Amino acid sequence: MALERISTGISGLDALLNGGYIKGRSYVVTGDAGTGKTTACLQFLTRSLASGEKVLYLTVDERPAEILESAAAFSWDLQSYIQSKTLAILDAGPLFESRGGSASEQGMSPQKMVTDLGTYAKNLGATILIVDPLTPLLRPMNSTSSGQDHARALIQLIKSHLNTTNLFTSHDSAGPDSGTAIEQYLASGVLLLKASEKNGAFERTMTIKKMRNTPVEPRHYPFALVPNQGVVLLDGSLAVDISKPDQLPPDHDAVFFSTFELGKKES
C-alpha cells in the first residue's frame with residue numbers, strides 16, 4: 001500500500017522523496033544560522049496551503065510580523081490574507097516571558113506546550129504543524145531533568161496528540177545533554193543545510209541524512225536561494241539554471257495567514 005505524501009515545496013526535492021514528506025510523520029530541517037531553514041519552512045507552508053491544508057506555525061526566535069517579512073523577501077506577499085485564518089502563526093515569546101527568563105535560561109513543560117498547541121490545532125483544523133526552531137523548547141525544566149528525556153517527551157506528545165504532519169527546524173550544534181540531537185532520531189526524516197566556502201565563494205548544500213520508507217542516494221545536493229522560489233536544488237538531472245527565469249518552477253500560489261500568540265486568546 002502506497003504511503004500518502006505531501007509536497008515539500010522545494011523544487012527538485014519531491015522527485016528525490018517519491019513525492020514529498022509522508023503525511024502524519026515528523027521531519028527536521030537542521031543547520032547553522034543563515035542556511036535557509038526558515039525559507040524551507042515557508043516553502044512547505046505555502047505549498048501545503050495552496051493544496052488545501054491548514055497550517056499551524058509556531059515561531060520561537062522571531063515574531064509573527066518577522067515571519068511575514070521573511071515571506072515578503074521572496075515576493076510571497078501575504079499581508080492581504082492575514083484575516084483568512086487558513087494559517088495561524090503562534091508566537092512562543094510569551095511562554096518564555098511567563099517563566100521570567102530567556103529561552104536559553106528556562107525550559108517549557110512538554111504537557112503544557114502540547115496542550116496549547118492541541119487547542120489551536122483543533123480550533124483551526126490544522127493538518128500541518130511547523131515549529132521554527134524546536135531547539136529552545138527542548139531545554140529541560142530544571143537542571144535535574146535529562147535534556148533527552150524532556151525532548152523525547154515533547155516530540156512524542158506532539159506525535160501522539162496532534163493529528164498533523166510536522167516540520168521542525170533545529171540548530172545544528174548542541175551540547176552532549178542539551179536534547180537538541182534527539183529530535184533527529186525520533187523524526188522520520190532529517191535534512192541538513194550547510195553553507196561551505198569553496199574557491200573563495202560559499203556553496204550551499206542539502207544532505208538528506210535520514211528518510212524512513214524512502215530510498216535516497218546519500219550525497220550532498222547543491223542548492224540556491226532563488227527570488228520568488230526559495231530553496232531550489234541544482235544537482236544533476238534536477239539542475240536548474242537560475243540565470244534563465246524560464247527554467248525556474250512556477251511561483252507558489254498566494255496563501256492565507258492568521259496571526260495569534262501562544263497562550264493568548266485570538267484578537
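This is a predicted model: local features need pLDDT of at least 70, side-chain atom pairs count only at pLDDT 80 or more; totals for chains, interfaces and linings use all residues.
The chain runs to 267 residues, and 52% of them are buried. As for secondary structure, the chain holds seven helices and twelve strands.

Helix α5 takes in residues 110-124 and helix α6 residues 147-161; their axes come within 9 Å and cross at roughly 25 degrees. Since angles under 35 degrees count as roughly parallel, α5 and α6 are therefore roughly parallel to each other. The crossing of α5 past α6 is right-handed. On the α5 side, the residues involved are Pro 110, Gln 111, Met 113 and Val 114, and they meet His 150, Ala 153, Leu 154, Leu 157, Ile 158 and His 161 of α6. Sorted by type, the residues of this contact come out as seven nonpolar and three polar, with no charged ones.

Over in the strands, Thr 205 is worth a stop. This residue sits in strand β9, which covers residues 201-211. With a relative accessible area of 10%, Thr 205 is buried, because the cut-off for buried is under 20%. Leaving aside residues up to four places away in sequence, Thr 205 touches Leu 192, Leu 193 and Lys 194, along with His 220, Tyr 221, Pro 222 and Phe 223.

Definitions and conventions: Residues are numbered from 1 along each chain as its sequence is written. Side-chain values use heavy atoms; hydrogens and water are left out. Axes are lines fitted to C-alpha atoms, for helices over the stretch in contact, and angles run from 0 to 180 degrees between N-to-C directions. Helices (H or I, at least four residues) and strands (E, at least two) are DSSP runs, numbered from the N terminus. Angles under 35 degrees count as roughly parallel, over 145 as roughly antiparallel, 65 to 115 as roughly perpendicular and the rest as oblique. A crossing is left-handed if the near helix is turned anticlockwise from the far one by less than a right angle, and right-handed if clockwise. Contact means heavy atoms within 4.5 Å. Ala, Val, Leu, Ile, Met, Phe, Trp, Tyr, Cys and Pro count as nonpolar, Asp, Glu, Lys and Arg as charged, and the others, Gly among them, as polar. Buried means under 20% relative accessible area, exposed over 50%, partly exposed in between (1.4 Å probe, protein chains only).
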